[in-house]
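Below is a note for a colleague opening this structure for the first time. The points are numbered and can be checked one by one against the model.

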Amino acid sequence: MKKIVISIFIFCPFAVLAQTNIKPSIERGKTLYETYCLTCHQDDGGGVPKLNPPLIKTSYVSGDKKKLIKWVLQGTTDKIAIDGKFYSNNMAPQDNLKDDEIADVLTYIRNSFGNKGSAVTPAEVKTVRATIK
Ligand code: HEC
């Protein structure tokens, strides 16, 4: 019993930290978004009709994190339907951004524009990057 009580005291602050840790990542991600993504996806994440898709509750932003990371690292010149709609612009690969920068910007978009998602970690980005190079 004593052991259980002690472990609760030891692990509790870490649980709290893990929760609040997402905020600095979102803050950093906002600045990165404004620098690298805003011109196309707009400040409200609404995109531009027929040109650049929105980042609001799309199957990429709210879906599988691996797929999302891969997309942003690779960009695309293919015309891929996004939730049934086509967009004529191309998205340049964002692989010049570091693992922690990709993690921050994706954590930001997954928690902005009405989206609510878990954080993306630099380790997750690293893993996906290794599979595409
Ligand atoms: C030059 C304009 C441009 C820039 C800059 C850009 N994107 Fe894109 N993005 C696009 C276009 C166009 C598509 C859709 C391509 C298609 O339909 O094939 C897209 C698609 C996406 C998608 C998947 C579809 C969706 O709407 O959910 C995500 C996620 C995304 N972009 C995130 C980002 C992030 C994050 C950045 C900044 C690091 C960024 N983009 C920078 C033009 C851009």
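1. The iron atom of the ligand sits in an octahedral site, with angles of 87 to 178° among its 6 donor atoms. Six donors count as octahedral if opposite donors are over 155 degrees apart and all others between 65 and 115. The protein donors are His-41, through NE2, and Met-91, through SD, lying 2.0 to 2.2 Å from the iron atom. Donors here are N, O and S atoms within 2.8 Å of the metal (3.2 Å for Na, K and Ca); water is not among the atoms, so sites may look incomplete.

2. Helices (H or I, at least four residues) and strands (E, at least two) are DSSP runs, numbered from the N terminus. His-41 is buried at a relative accessible area of 9%, whereas Met-91 is partly exposed at 21%. Buried means under 20% relative accessible area, exposed over 50%, and partly exposed in between (1.4 Å probe, protein chains only).

3. This is a predicted model, in which local features need pLDDT of at least 70 and side-chain atom pairs count only at pLDDT 80 or more, while totals for chains, interfaces and linings use all residues. Residues are numbered from 1 along each chain as its sequence is written, and side-chain values use heavy atoms, with hydrogens and water left out.

4. Which residues are closest to the ligand? Of the 25 residues that surround it, the closest are Cys-37, Cys-40, His-41, Thr-58 and Met-91; a residue is near if one of its heavy atoms lies within 4 Å. A polar side-chain atom of His-41 is 2.8 Å from a nitrogen atom of the ligand. Backbone atoms also take part: an N or O atom of Pro-54 lies 2.7 Å from a ligand oxygen atom, and a polar backbone atom of Ile-80 is 3.1 Å from an oxygen atom of the ligand.

5. Arg-129, in helix 6 (residues 122-132), is buried at 13% relative accessible area. Its side chain makes a polar contact of 2.8 Å with that of Asp-99. A polar contact is a pair of N or O atoms within 3.5 Å; within protein, one must be able to donate a hydrogen and the other to accept it, and residues adjacent in sequence count only if both atoms are side-chain atoms. Leaving aside residues up to four places away in sequence, Arg-129 touches Leu-73, Asp-95, Leu-97, Lys-98, Asp-99 and Ile-102, where contact means heavy atoms within 4.5 Å.

6. Asp-95 lies in the loop between helix 4 and helix 5 and is partly exposed at 37%. Asp-95 and Gln-74 are 21 residues apart in sequence, with C-alpha atoms 6.8 Å apart.

7. Two residues deserve a look at their backbone. Most residues other than glycine have a negative phi. Lys-50, not a glycine, has a positive phi of about 65°; Lys-50 is in the loop between helix 3 and helix 4 and is exposed at 67%. Phe-113, also not a glycine, has a positive phi of about 55°; Phe-113 is in the loop between helix 5 and helix 6 and is buried at 16%.

8. Overall, the protein chain has 6 helices and 0 strands. Buried residues make up 35% of its 133 residues.

Notes
Tetrahedral: all angles 85-135°; square planar, octahedral: opposite > 155°, others 65-115°.
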